[in-house]
Amino acid sequence: MRSHLRNQGLFYWSKNVTKETILAGIRECAKKLGRAPSYPELKRAVNVTRRSIQKHFATYTRALRECGLERQGSGHQVPMGALFQDWAEVVRKAGRAPTVAEYELHGKFSVQPMFTRFGSWRKTHMGMLEYAQEHGLAKEWSDVLKIVNAGQAKGPGLKPKKKGVSLSRGPVRPFPKIMRDRPTYGTPLMPGPLAYGPVNEAGVVYLFGMLAARLGFVVMRIQTEFPDCEAMRQVDKGVWQKVRIEFEFESRNFLKHLHRTEDCDMIVCWTHNWSECPLEVVELKGEIG
C-alpha cells in the first residue's frame with residue numbers, strides 16, 4: 001500500500017505528522033486531481049487524520065489556504081441538487097442514512113453545507129427527504145427514501161431502540177456497547193441514579209444535585225472555593241431566597257476545614273454529627289429515608 005502511494009507521488013503517514021508533511025501531501029493530491037482536494041479525497045489518498053490537521057491548522061480550509069488552494073466551491077454555496085445527489089449516493093452505498101464519518105469518507109463534499117442548511121446531522125436526513133418530495137425526485141430515488149424513512153422510524157441514531165429499564169425520567173435511551181473486558185451485573189433491585197450512599201464529599205454533591213428540586217432548591221453556582229454552592233431556595237409560595245451552602249461528608253468536618261460560619265447559611269451533608277452546629281443542616285441520609 002505504501003509503495004503504491006509513493007509511486008503516485010503521494011505520502012503515507014500515521015503518527016507524528018508535521019505541518020510541512022501535510023502541506024506537501026495536499027499539494028501532491030491537488031496535482032493529481034487538478035484541483036484542491038476535499039478532506040475525504042485527501043483521506044482516501046493519504047492517511048492523515050483530522051486531529052493532525054486541527055493540531056497544525058485548526059481547520060482544513062486554512063491548510064488549503066497555506067498551500068495557495070481553495071476548496072472546490074469556496075465562497076459559493078454548493079447547489080442543493082448536487083448535495084442531495086451526493087448524499088443519496090452515499091445512502092445507497094452505506095445501505096442506511098450515513099453517519100457524519102461515513103459521509104466524510106464517501107461523499108464529495110464536506111458536511112458543513114449540511115449543517116449550514118439544516119442545523120444538525122439528524123435534521124439533514126429529514127431535510128433531504130423533504131427536498132426529494134418537493135422537487136419530484138421521489139420516484140428516481142425511491143430506494144433511498146425507503147431506506148431513510150425506515151431509519152427515521154427507528155429513532156435517533158438510525159438504529160432500533162432496545163427495550164430496557166429506565167433509571168431516570170425521560171425517554172429510554174439506546175443501550176451503550178458492552179465492554180467485553182469487564183464483568184456484568186443484574187438489574188439493581190432499588191433503581192436510582194446513585195446505587196449506594198456517599199462515602200466522601202463528592203458523593204454528597206452528586207446526591208444533592210439529584211434531590212435539589214425535591215428539597216426546594218435551584219442551584220445557581222457550584223465552585224471550588226468556600227462556600228461550595230450558591231442556590232435559590234423556595235421559602236413560600238412564589239417566594240425564593242438566595243442561600244450559601246457548604247458540602248461536607250460529615251457536618252463536623254466544617255470545623256476541621258476551619259470555615260467561618262458567618263460566610264455560610266447551611267451545611268448539606270450525608271451524616272449530621274455536629275449537635276451544637278449554629279447553622280441549618282440538611283442531612284441527606286435522612287432525606288432519602
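Reader: Buried means under 20% relative accessible area, exposed over 50% and partly exposed in between, with a 1.4 Å probe and protein chains only. So is Leu 258 buried or exposed?

Author: Leu 258 counts as exposed, because its relative accessibility is 73%. This is a predicted model, where local features need pLDDT of at least 70, side-chain atom pairs count only at pLDDT 80 or more, and totals for chains, interfaces and linings use all residues. Residues are numbered from 1 along each chain as its sequence is written, and side-chain values use heavy atoms, leaving out hydrogens and water.

Reader: What's the phi of Leu 258?

Author: Positive, about 60°, although Leu 258 is not a glycine. Leu 258 sits in the loop between helix 12 (253–256) and strand 4. Helices (H or I, at least four residues) and strands (E, at least two) are DSSP runs, numbered from the N terminus.

Reader: Which peptide bond is cis?

Author: The bond from Phe 226 to Pro 227, with omega near -10°. Pro 227 is in the loop between strand 1 (217–222) and strand 2 (229–236).

Reader: And Pro 113, buried or exposed?

Author: Pro 113 is buried, as its relative accessible area is 15%. Pro 113 belongs to helix 8 (residues 112–118). From Pro 113 to Met 80 the C-alpha separation is 9.1 Å, across 33 residues of sequence.

Reader: Switching to packing. At what angle do helix 2 and helix 4 cross?

Author: Roughly 115°, and the axes of helix 2 (residues 19–33) and helix 4 (residues 50–57) come within 10 Å. Axes are lines fitted to C-alpha atoms, for helices over the stretch in contact, with angles from 0 to 180 degrees between N-to-C directions. That makes helix 2 roughly perpendicular to helix 4; under 35 degrees counts as roughly parallel, over 145 as roughly antiparallel, 65 to 115 as roughly perpendicular, and the rest as oblique.

Reader: Which residues make the contact?

Author: Lys 19, Ile 22 and Leu 23 of helix 2, with Ser 52, Ile 53, His 56 and Phe 57 of helix 4. Contact means heavy atoms within 4.5 Å.

Reader: How confident is the predictor, from 0 to 100 per residue, which is what pLDDT gives?

Author: The chain's mean pLDDT is 78, and 80% of its residues reach 70 or more.
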